[in-house]
Number of protein chains: 2
Amino acid sequence: MTPSTALAPQAFLDACAAAIGAQHVLTDAHDTAPYLADWRKRYQGTACAVLCPASAEEVTAIVKLAHEHRVALVPQGGNTGLAGGATPDASGREAVLSLRRLNRVREIDAHNNTITVEAGVILAEVQARAAEAGRLFPLSLAAEGSCTIGGNLSTNAGGTGVLRYGNARELCLGLEVVTPQGELWDGLRGLRKDNTGYDLRDLFIGAEGTLGIITAAVMKLHPQPAARITALAGLASAHAALDFLALAQRFAGPLLTGFELMSDFCMQLVGRHFPQLRYPFQQRHAQVVLLELSDNESEEHGRVLFERLMEAALEEGFVEDAVVAESLAQSQAFWNIREHIPLAQAQEGLNVKHDIGVPISRIGDFIEETDAGIARAVPGARMVTFGHLGDGNLHYNVQAPEGGDPQRFLAENEKTLNTIVYDSVERHRGTISAEHGLGQLKVDESAHYKSEVELALMRAVKNALDPLNLMNPGKVIR
Amino acid sequence: MTPSTALAPQAFLDACAAAIGAQHVLTDAHDTAPYLADWRKRYQGTACAVLCPASAEEVTAIVKLAHEHRVALVPQGGNTGLAGGATPDASGREAVLSLRRLNRVREIDAHNNTITVEAGVILAEVQARAAEAGRLFPLSLAAEGSCTIGGNLSTNAGGTGVLRYGNARELCLGLEVVTPQGELWDGLRGLRKDNTGYDLRDLFIGAEGTLGIITAAVMKLHPQPAARITALAGLASAHAALDFLALAQRFAGPLLTGFELMSDFCMQLVGRHFPQLRYPFQQRHAQVVLLELSDNESEEHGRVLFERLMEAALEEGFVEDAVVAESLAQSQAFWNIREHIPLAQAQEGLNVKHDIGVPISRIGDFIEETDAGIARAVPGARMVTFGHLGDGNLHYNVQAPEGGDPQRFLAENEKTLNTIVYDSVERHRGTISAEHGLGQLKVDESAHYKSEVELALMRAVKNALDPLNLMNPGKVIR
């Protein structure tokens, strides 16, 4: 699908200025620059303008004008996406629609455990406002200080709490959306149950702005846990981690909120580039697992539970060594190791990143088989394997051979590596994008791996809702 | 939308017989009768045949034939729906497509916590197979001995475990669906995270067979709890129940798996018609709450937790009295009271039923205001109010005045009562069908209360996927 050609950009911009104020229609290159490249600087677009409405009503006005003038719109929140989904193309005919000024928390309803927020509210602010009301908003990810809830929903963001609380999708009860025709759909329901028709909410979530523009949402809150306890375990293999996960879930049930895998090479990389982060074990282990437990009773209760779990896991031979954090500081130190892996990787040099998911039971086989395939095709390539094992989601990244030139490595091997990894994902019935979305980065690869039936269903939905293809064209589906 | 007229029913039936075997094309009135009326006997339809394929491939063959011959299909599972969604119309031109012979459990993957089942597998069998694998499949509802997982998904069934585990939607990871054109979509993914395009899965879930036919699903399993503990509490009002719920969630977090409200009149009705079920308190209370906790540690741990909760709730004045079950038998006795309310109601005579949902925080106001409205309009009407308070979902039923004629009461007041209840639901931003779906029962009322924008979006999706309107026409959306 090709977007229709813009007829009269200046007339469109004038009408936008009349609708939302000229100072909110950015066209000066200095003003627009931050909106035209993605966070990782992989994509650089241009735009006829960056439009900054302040309310859902102003968004409807702009979408109606865009419809009338046949101008394609690229919605953008905090611009922290990892797949180029919020970056316009190079034509200069698209307009970026920034939702950042829709930044009001409309309501907190503690008894309903909900918060109603506009699309441009920063994730960290949602967390903070929930905490003020004595509640937990559990969505948490690296970009939380600058990403927006609208972007989180449009990409169905994941993060570190998915094991217990689900993705952004599972945390959303209702949406307000401006349709591609500029109508406002008020689906802002704060209901746990509602069986009155098609699930439009989940259709807009994860659609990356290609079916309409999310302007507000009702998000679920949870009770605040009394304590969070963290532990590390050293294991002989990823296969052992599967047995360990099952055991941990039997012991802790829904209290288990994190189960992160880190390969020994990840630990070595962190040690090399951040020597101040102490390696927590006496000996090296093929895999390290970070566990987090959110306890409703007390820190003491959680720690005892973890200690009993570790004893059982040692006895069963699932783990080789384990340490339960004895203080908040030590918990933070454990998380620091996990969070410094991507930073250590960046220090080590450019690399090929994959955000894959497979059924949890396949994780061990997937790593073994894919590691072997890569070793055959690109001898010396170093695997930086870590991620949310409890969700079946790995950041399965590939670093240039020791001492090699990362630039050249990338240029020569990126395509080969992607093919090896994604073919393996397909064999294991997995996904080539577990939490980052497709954006423009993976739209063609997705089309390659999806069935014709699925692509046809997606296109039918897209055509039905956005027949002029003016909503973020070229993203998710072509 | 009107379904296209069938061109040649006999040619269609002959072709179906060739595709799935003549013995699986039922046309004899004696054979078809059980499929043509709904469980509550509110609807009686007719059909040119009842088709009983045994595999997804046979379903694709039938749907292709139906498409070619322009025959509308009414998918049906266990035929236990409460909204007439699986009953054909009176024209005799529709065919019922029974999924009951698609009854294989295809796979259990304990490490992935998933079970892959065909649409016709009975819910109780899914539970049993999960238990055999040491796992819990938490979907549970009154009809579990005869309803099928395909029907559960098509209606997004709720039940007694929603507070902790969610509706059928939240328990499903992937689907296999035959599209209205007779293509097989293999979306049978067992992934916790997959951000590669539109959420087709959730579009088919809850669509009541109007967008395609679910033939199989990957369902989530959970660890089996070590113990389930039940308690009852007597309260002064539904408002107090909100504070009590918040306290219980703070104490128990995700371990709280049930929070059911029963008004004093419900308790009286049960006492009147089932005197063998002992009333558990010394005194009467305006509301009684049944709580269930699923503990991962032990029965002892759960009971102590509940006892501490009840102490705190008594101290805060949220509850007037409380009793924690001391044995499995006593737990079952508590649940028996809850489960006998609909039976006691039936004994008392015909009544007007509502399956409504409102934001949990509005429950108290909703009951007060709606009770008052009904008392004004229909003096003497008796309110049978009970349900899943933790989900904001009430079975808000109305019984004829004491000694009145229920038949006449229904004939004279059903419409008035529905209007009072649903108008109140709308004021509180609730739903007129929290867990039963729309079917044919509420399709017009839903159209009345939904916005034009939402109806247009639903119609756009329906037209895009099923342009000939051959998939369960007249249900969900017209």
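A salt bridge is taken here as a side-chain nitrogen of Lys or Arg within 4 Å of a carboxyl oxygen of Asp or Glu. The views below show a predicted model, and a search of the whole structure finds 52 such salt bridges over all chains.

**View 1. Salt bridge between Arg106(B) and Glu176(B) in chain B.** The closest N and O atoms of Arg106(B) and Glu176(B) are 3.0 Å apart. The pair links distant parts of the chain, with Arg106(B) in strand E5 (residues 105–109) of chain B and Glu176(B) in strand E8 (residues 172–178) of chain B, 70 residues apart. Arg106(B) has a relative accessible area of 30% and is partly exposed, whereas Glu176(B), with a relative accessible area of 6%, is buried.

**View 2. A salt-bridge network in chain A, made up of Arg104(A), Arg106(A), Glu118(A) and Glu176(A).** These four residues are joined into one network by salt bridges that share partners.

View 3. The contact crosses from helix H15 (residues 452–465) of chain B, which holds Glu454(B), to the loop between strand E9 (184–187) and helix H7 (200–204) of chain A, where Arg189(A) is found. Both Glu454(B) and Arg189(A) are buried.

**View 4. Salt bridge between the side chains of Glu402(A) and Arg272(A).** The N to O distance for Glu402(A) and Arg272(A) is 3.5 Å. Glu402(A) lies in the loop between strand E19 (393–399) and helix H13 (406–427) of chain A, while Arg272(A) belongs to helix H9 (residues 264–273) of chain A, so the pair ties together parts that are 130 residues apart in sequence. Glu402(A) counts as exposed because its relative accessibility is 53%, where the cut-off for exposed is over 50%; Arg272(A), at a relative accessible area of 40%, is partly exposed.

**View 5. A negative surface patch on chain A.** The patch is formed by Glu300(A), Glu307(A), Glu311(A), Glu315(A), Glu316(A) and Glu326(A). One of these residues, Glu316(A), is found in helix H10 (residues 299–316) of chain A.

**View 6. The span of chain A that UniProt lists as "domain: FAD-binding PCMH-type".** The annotation comes from an unreviewed UniProt entry and covers residues 43–224 of chain A. In the predicted model, the end C-alpha atoms of residues 43–224 of chain A lie 39 Å apart, and the span is 21% helix and 24% strand.

Technical notes: Residues numbered from 1 in each chain as written. Chains lettered and ligands numbered in written order. Predicted model: local features only at pLDDT ≥ 70, side-chain atom pairs only at ≥ 80, totals over all residues. Heavy atoms only, no water. Patch = residues over 30% accessible without salt bridge, like charges linked within 9 Å, V, L, I, M, F, W, Y side chains within 5 Å. Areas by Shrake-Rupley, 256 points an atom, 1.4 Å probe, with all protein chains shown as cover. Lys, Arg positive; Asp, Glu negative; His and termini not counted. Charge placed at Lys NZ, Arg CZ, Asp CG, Glu CD. Helix = DSSP H or I, 4+ residues; strand = E, 2+ residues; numbered from the N terminus. Buried < 20%, exposed > 50% of the residue type's maximum accessible area, 1.4 Å probe, protein only. UniProt positions renumbered as here; feature names shortened; annotations may be inferred.
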